[in-house]
Amino acid sequence: MAGVQSRDLGEGNRSLIRISAPPIGMSKSSPIPECKNVEVPWDDISAGYSSPCLEVWMECASSGCHACRLAQLGAEYLSLAEPEYRVHLLGTYGARMMTVLWTGNVRYDPFPIDGLPMGDTIKERTVYLYTKVGAKPTSWPGIGVGRDIGGQNGQDPKDYASVVLEWLDTCLQGHPACRKNTSVSLPSRLLDVHSGQRENSIHLVSGLKGQAGSYTALSHCWGGTIDVRTTKDNISSHEAGIQFSDLPKNFQDAVTVTRAVGLRYLWIDALCIIQDDQTDWEVESGNMASIYQQAYFVIGANVSPNADGGFLDYGRKGFCCEGKAVGVVEEEQTVIYARSTGCHSDHGVDMMLGGSLHSRGPLGQRAWTLQESLLASRLVTFEEPEIVWKCTSATFCQCAYRDQQPALGGQPVFSLNALLAGPVWSPEGYMDWYRVVQEVAKRNITKASDMLPCLSGLARRFHDSGAGTYLAGLWLQDLPMGLLWSAGQYYHTGSTAITPYRGPSWSWTSIQHPFYGILFGDEWDRRSWEPGMKLYRIHIELLRADCKPKGKDPFGEVSVGCSITVAAPLMELWVHPGFEDNEDPVWVVRSISEEHCIVTSYSWFYLYFDSRKYKQLRGAKVGKGTGGPWCLFVLFVGDLCRGRMSAQGLVLNKRPDVSGVAYERVGICEYDVYNEESKGLTQMIDSGNERGIAKII
């Protein structure tokens, strides 16, 4: 019989649902079967749509429907895992069963579903079908491979070494796009974790630069001061030996992992960089790109917010991701298991997926760790509660659920090493840089002055791949687009200027929370960047750029006095008399060359200040000859198309305290080019009469 067969009732044991092998022509690579007989509402079950009851699915499965066979396996698991609930199936997606369960406990439900008693408790579950790693797989499409963790029959959650070694072997043998890193040029200093074969001590080894070998590197959260760190006073004693018991728990666990996979060397920033030597710190932080990229793999400690928490034992003892046997494919003698996807950890693995760089967990909160994760050729992150692998070619997790999902475990959408490996630089790479900036700006950083240093490794990789000349966090070759950052996630909120000096006013480094909302949207505006997005009719021309590094790292901190001199349409900007106190003041754009002005409207002209301090402008007299501290100007950069064509400009304030004519950026503005009321302003820009030269500091 091709359909679902009857159960065998064993000696007091529950029997498994027996299904036949897939029909001829269907294989593992075939499309996931879909039921053609039972109508499934894919819109929104909470909107009141009805879906077929379990009995309908079972009847369809018995008639030979392949999709319903898989659905019945998922229903079998739910009846075992949560016997107090009745099962209401919604459909299948890959190896997952979309389900709704309900029970007779009366509660009010604001979103009733047809066929369910009003007020019943409703729960939604997704079930994953799989065969176990190492066991005979099935040829059924839609049934993945899984690894049980914890429980009576699952892998010990602390048995990380076998999983990591398995992933390493898969990557080294099966991922031609991934770097091997088995013999690379070593960093200047490393920790020898096998020195003298004594487990109670490690040694700092200096003078390794230029030698070949392999090593691991730790990505972690400092979380304040770390007592055991290398300084000019103790470097000799660290070279003589560091007691294992003296190390913070994160460092101890990193040593343990390195030893477990058979490697000799480990790189940890606090111990391999002389922390009170500014020159050494600048040189070594500038080498971050090669250190993390060339590591055999990077160890991500994504459990503890500080160095003392550790990551191998933290909360992992009780973790259980164990499935139940629900079926057997008779001809293959393959056992099918099922478990809820709720036990799967999603922490951190979305770092490179779906166009997002966001990562959850402590590592996702620290600015320094962004480049560490992006630069890593292979990253093994110890999460709460499981381990996650990321390389250029794939993303895996300890329970193996993510391995089997094409949209999740295949080629990451954003892989820095893959992006920058091409023979020719792509302009789309600049957009990825802006995504990096937007993400790092949201993260915590102890010293505000470290913002550029914490990106210097990434900047070096972009530069080496052809991005061009680096200017305080921007790229000269894409400067018009790079200038169009805004302050805060919401344009209107503004931010806070950074003091002391971290960068010029035209760079996003000058404020606390820069945001490229114009490219990627925000909570109010869901517009997002699409491939090929660019500025049209670029009005700005760079005449001169003066930007010098503060120290030895050309991609690190910058010196005070950075400036750009540009030619572009430049006009005065002031508040229309009588509208000074309005929440949305009416702005007047006035020609410098002639007595002509355009009265704007907040229906088509939008202005957003960078810093909250500029809100004091409201209520103050602004404009030529007012005698006040404000003399604002607008400098138009170009037109951007993102559903509609909008002209983009910088709002500038003239600095009377600086010798010569100089401006500072204080905001950003835009207007709808095709709005009937804006035609006069567009004509002023296009005339060429308003073109001026501005030095922006």
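## Salt bridges

Arg 665 has a relative accessibility of 3% and therefore counts as buried (under 20% relative accessible area; over 50% is exposed, and partly exposed lies in between; 1.4 Å probe, protein chains only). The model is predicted: local features need pLDDT of at least 70 and side-chain atom pairs count only at pLDDT 80 or more, while totals for chains, interfaces and linings use all residues. Residues are numbered from 1 along each chain as its sequence is written, and side-chain values use heavy atoms, with hydrogens and water left out.

The side chain of Arg 665 meets that of Asp 610 in a salt bridge, 2.8 Å from N to O (a side-chain nitrogen of Lys or Arg within 4 Å of a carboxyl oxygen of Asp or Glu). The two residues are 55 apart in the chain: Asp 610 sits in the loop between strand S28 (605-609) and strand S29 (632-641), and Arg 665 in strand S31 (residues 663-672). Helices (H or I, at least four residues) and strands (E, at least two) are DSSP runs, numbered from the N terminus. Asp 610 is buried, with a relative accessible area of 3%.

The count of salt bridges comes to 20. In one of them, Arg 147 pairs with Glu 166, the closest N and O atoms being 3.0 Å apart. This pair joins the loop between strand S5 (144-146) and H3 to helix H3 across 19 residues. Arg 147 is buried at 8% relative accessibility, whereas Glu 166 is partly exposed at 34%. Asp 280 forms a salt bridge with Arg 189, with the closest N and O atoms 3.0 Å apart. Here helix H7 is linked to strand S7 (residues 189-192), the partners being 91 residues apart. Asp 280 and Arg 189 are both buried. Lys 132, Asp 148 and Arg 339 are linked in a network of salt bridges.

## Largest pocket

The largest pocket holds about 720 Å³ of space. Among the 25 residues of its lining, Trp 222, Arg 366, Trp 368, Thr 446 and Asp 450 are the closest to the centre. A pocket is an open set of points on a 1 Å grid over the protein atoms alone, with protein on both sides within 12 Å along at least five of seven lines; lining residues have an atom within 4 Å of a point. The volume is the space filled by probe spheres set on the points, which are joined across faces, edges and corners.

Helix H7 (residues 278-286) gives the most to this lining, with 3 residues.

## Nonpolar cores

The largest nonpolar core comprises 125 residues, of which Trp 267, Phe 311 and Trp 433 touch the most other members. H3 supplies the largest share of this core, 8 residues. Another core, of 23 residues, lies apart from it and includes Met 571, Val 589, Trp 604 and Leu 607. A nonpolar core is a set of buried Ala, Val, Leu, Ile, Met, Phe, Trp, Tyr and Cys residues joined through side-chain atoms within 4.5 Å.

## Cysteines

The structure holds 0 disulfides (pairs of cysteine sulfur atoms within 2.5 Å). The sulfur of Cys 178 is 3.7 Å from that of Cys 391, its closest cysteine sulfur, and this is too far for a bond. Cys 178 is buried at 5% relative accessibility. For Cys 547, the closest cysteine sulfur is in Cys 562 at 3.4 Å, also too far for a bond. Cys 547 is partly exposed at 22% relative accessibility.

## Backbone features

The peptide bond from Thr 499 to Pro 500 is cis, with omega near -5°. Pro 500 lies in the loop between strand S21 (486-487) and strand S22 (514-515).

Asn 181, although not a glycine, has a positive phi of about 55°. Asn 181 is placed in the loop between helix H3 (160-174) and strand S6 (184-185), and is buried at 5% relative accessibility. Ala 472 has a positive phi near 50°. Ala 472 lies between strand S19 (470-471) and strand S20 (474-475), in the loop, and is buried at 2% relative accessibility.

Conventions:
On a 1 Å grid over the protein atoms alone, a cavity is a set of points where a 1.4 Å probe fits but cannot get out, and a pocket is an open set with protein on both sides within 12 Å along at least five of seven lines; lining residues have an atom within 4 Å of a point.
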